[in-house]
Amino acid sequence: MTLRPQNISTNHLTHFAVLVLLFIGPSAIFAQSSGSFTIPGVSDQYNTDQMINKIMKYESAPVDRMKGNVDQYKKEKSVWNELGTKLGQVQDSARKLFGFQNPFNDRIANSSNDAVLTATATRQAQEHTNSVVVQQLAQADKFLSKDLPLDYRVPAGTYSFRVGDTEKSFSFRGGKLAEFADAVNRNAASIVHASVVRNTVSTQVLVIEALKTGAKNRLTFQKDAESLAVDAGVIERVQNNSREVNISGSSVAAWNQPLNDMNISVSDGTVTLPPGTELSLPVNPPITFSGKMVLSLEISVKNLGGEAYTPPSPPPGPSIPSPGSTSLGGVTIHGNASQVPLPQWKPPSPPKRVEDHQILFAQNGDRVVSLPEVTDTDGFKQLTIPITDFVQGMTALDIRNRNTERRVEVRNVRIYDPQSRGNFRPSHAVSQAQDAKLSVDGVEAVRDSNTISDLVPGTTLELHSVSPAPVTLSVEPDRKTVKNSIIEFVGRYNQLLTTINIVNSKTPDVVDEVTYFTPDEKKKAMDELGILQGDMTMSMLKSKLQDAMMSAYPTDLGRQLTLLAQIGISTNTSAPGTQAYDVSRLRGYLEINEQQLDTALKEHLPEIKQLFGSDNNGDLAVDNGAAYKIDQLVSPYIQVGGIIAIRTQGLDTRIASTNKEIDALNRRLDQRRSDLKDQFARMQGAMGELQRQSQGLSNLGVQSGNGGSTGR
């Protein structure tokens with residue numbers, strides 16, 4: 001019996017031969033070992049998968065190249081986006097220097113004593129210096145109760161509080177003092193605040209505080225709140241001891257001189273005293289003071305500004321009649337005029353000018369006491385005098401105007417206890433409602449708040465404490481903000497130039513020269529080095545930027561100030577302390593000489609504003625200047641549909657197109673891998689059959705040999 005090998009598929013053998021020839025060479029197709037044939041790389045034991053991977057790696061090389069292109073496109077897009085960000089930052093900092101909110105119009109207020117007052121100035125404030133004296137701070141009422149036991153309870157009722165013209169009322173069901181304070185804060189929080197303080201181990205006090213300052217915003221207690229305030233010792237009942245001094249034609253009395261000899265007038269509650277007059281305003285009925293009383297009145301002292309003294313002309317002398325004439329025989333004889341010798345003319349001395357600021361006097365019986373002097377006023381001035389510091393009672397207010405060139409007017413005279421609230425006054429006042437009083441350049445002012453925005457134009461004052469010494473308040477341009485804005489602009493410009501230099505150059509020195517890079521930023525810069533080298537857009541952008549910063553711009557100082565270099569901003573190409581050129585300084589970066597810039601800002605601020613942005617055609621719109629030119633230069637790059645957008649969109653299109661090609665090729669490669677696995681599987685089966693047939697032939701040969709030997 002003869003055994004023959006079965007036929008192997010021609011297709012299988014063809015593919016097998018190609019693969020083996022490509023990867024293992026024809027000399028290693030078969031190897032005989034132990035009487036059998038084996039083919040390396042076909043079965044798993046011969047790394048079939050490795051052979052397939054080598055084939056696929058060779059055939060997928062185009063995919064790898066396209067993926068590399070996509071990575072490059074993404075890196076370029078990132079660079080363009082970074083450039084767009086840097087350009088936007090430069091534009092923003094440029095617009096700050098010439099736009100509507102440019103810092104050249106900002107003002108800053110400086111106080112010589114911040115403990116007394118501070119101030120803020122708006123852009124509308126004018127440069128000026130004022131002398132301010134803070135005489136009194138505005139305060140709000142703040143009252144304490146007496147010591148109360150810890151178990152003190154507030155009865156149920158309707159409680160009402162009034163501050164100025166505002167009143168808040170609420171019902172309380174009764175409870176502890178702390179519960180009442182919480183109820184006050186819930187229902188009347190807009191005008192008062194209540195709190196409970198445990199002042200000793202066994203007692204507590206109630207604190208009631210008005211939340212509005214000013215004399216008109218006094219705190220009063222209404223309904224059941226009044227009873228509680230009296231019971232808790234917040235207020236106490238007093239006799240109303242105030243007086244309104246009547247000013248009318250019948251109430252005005254003579255003082256030391258008869259009224260008939262004076263030209264005094266009374267109209268609508270105002271008495272007017274011409275120069276050299278006096279009068280007395282009786283207090284009816286007379287008052288004896290108890291506690292701290294004040295005299296309040298409105299007074300106007302106007303300087304009439306008399307003309308310069310002109311001496312009278314000499315007297316003409318006696319009038320003597322003409323002596324006449326006589327005629328006789330046709331002859332007329334005229335008489336000589338009489339002659340009267342006159343003494344030498346001596347003009348009289350000018351009238352004595354009297355200036356006396358002691359105008360007000362308090363009279364108590366036969367005793368008359370001088371009150372504080374009153375200087376010239378601009379209209380009526382509110383005057384409040386602590387009258388109990390001068391007398392213990394009053395029967396009249398005396399007024400004397402000895403001035404030769406001043407007119408005095410008085411109205412609204414009142415004597416009262418500033419602590420009283422109708423028939424009550426606080427028993428334990430921490431502070432009392434009062435107005436702020438100050439003078440600005442000698443002009444007296446009264447306000448109900450310590451925040452005053454209507455006294456100095458464009459400036460808000462914040463009063464902090466009283467000071468008899470004048471405080472100097474100056475308003476000037478905010479040069480510090482201007483300087484910081486210029487530094488920011490130059491810094492942004494240099495950062496943009498750094499990015500352009502890095503992406504447009506292959507020289508590592510461009511990165512090494514940047515000292516402010518962090519290690520990560522430096523690594524990123526090295527990775528982007530030269531990525532846009534040769535791009536004309538970058539070269540043109542850098543050239544235009546440098547031209548804009550180096551150009552001359554017109555200002556009111558003419559040639560004295562036309563360049564940024566004249567205020568200390570320049571490209572200093574010399575190495576410090578030498579005359580040699582520093583290569584790193586030739587890349588266009590700007591440097592700032594702070595001392596020169598500070599001097600320029602102090603002396604030529606309006607012209608520096610023109611240097612960065614100015615109106616040259618009179619249309620009230622900025623059309624020139626370094627910052628304006630940079631803004632105009634940058635806009636086409638970063639605007640919607642601009643150069644940056646076009647570049648990034650183009651790269652997005654390339655990325656999408658390449659990814660599409662990669663996806664298509666990957667699908668073909670996947671199919672190719674599947675085909676190879678199928679072909680190798682079939683070849684592996686065929687080779688197994690060959691091995692079995694080979695083994696069968698080997699076994700047949702052995703059997704034949706054994707049989708022949710037996711036959712012999």
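## The enclosed cavity

About 50 Å³ of space lies in the largest cavity of this predicted model. Counting cavities of 30 Å³ or more, the structure holds one.

Helix 5 gives the largest share, with three residues. Sorted by class, the lining of the largest cavity is nine nonpolar residues, with no polar and no charged ones.

## The largest pocket

Now for the open space. The largest pocket has a volume of about 1400 Å³, and 43 residues line it. If you want to find its centre on screen, look for Q136, Q382, L383, T384 and K437, which lie nearest to that point. The elements giving two or more residues to this lining are strand 5 (128-136), strand 20 (294-303), strand 25 (381-385), strand 27 (406-416) and strand 31 (443-447).

What classes of residue line the largest pocket? There are 15 nonpolar, 14 polar and 14 charged residues. The lining of the largest cavity, for its part, has no polar and no charged residues.

## S614 in its loop

S614 is found in the loop between helix 11 (605-612) and helix 12 (626-638). Is S614 buried or exposed? The relative accessible area of S614 is 8%, and buried means under 20%, so S614 counts as buried.

What does S614 touch, leaving aside its neighbours within four places in sequence? S614 is in contact with P554, A621, V622, D623 and N624.

Side chains of opposite charge can pair when their charged atoms come close. In this model there are 27 salt bridges. One of them joins the side chains of K77 and D652, at 2.7 Å from N to O. That pair links distant parts of the chain: K77 sits in helix 3 (residues 61-98) and D652 in helix 13 (residues 643-711), 575 residues apart. Both ends count as partly exposed, K77 at 25% relative accessibility and D652 at 33%.

Helix 3 also holds E82, while K524 is in helix 8 (residues 519-528). E82 and K524 form a salt bridge with their closest N and O atoms 2.9 Å apart, so the pair ties together parts that are 442 residues apart in sequence. E82 is partly exposed, with a relative accessible area of 21%. K524 is partly exposed as well, at 40% relative accessibility.

## A strand pair and a network

The side chains of E244 and R414 also meet in a salt bridge, at 3.4 Å from N to O. E244 lies in strand 16 (residues 243-245) and R414 in strand 27, so this pair ties together parts that are 170 residues apart in sequence. Strand 27 is also one of the elements that give two or more residues to the lining of the largest pocket.

How do the two ends of this bridge sit? E244 has a relative accessible area of 60%, and exposed means over 50%, so E244 is exposed. R414, with a relative accessible area of 33%, is partly exposed.

Finally, which residues are linked in a network of salt bridges? The members are R353, E355, D376, E405 and R406.

Notes. Residues are numbered from 1 along each chain as its sequence is written. This is a predicted model: local features need pLDDT of at least 70, side-chain atom pairs count only at pLDDT 80 or more; totals for chains, interfaces and linings use all residues. Side-chain values use heavy atoms; hydrogens and water are left out. On a 1 Å grid over the protein atoms alone, a cavity is a set of points where a 1.4 Å probe fits but cannot get out, and a pocket is an open set with protein on both sides within 12 Å along at least five of seven lines; lining residues have an atom within 4 Å of a point. Grid points are joined across faces, edges and corners, and a volume is the space filled by probe spheres set on the points. Helices (H or I, at least four residues) and strands (E, at least two) are DSSP runs, numbered from the N terminus. Ala, Val, Leu, Ile, Met, Phe, Trp, Tyr, Cys and Pro count as nonpolar, Asp, Glu, Lys and Arg as charged, and the others, Gly among them, as polar. Buried means under 20% relative accessible area, exposed over 50%, partly exposed in between (1.4 Å probe, protein chains only). Contact means heavy atoms within 4.5 Å. A salt bridge is a side-chain nitrogen of Lys or Arg within 4 Å of a carboxyl oxygen of Asp or Glu.
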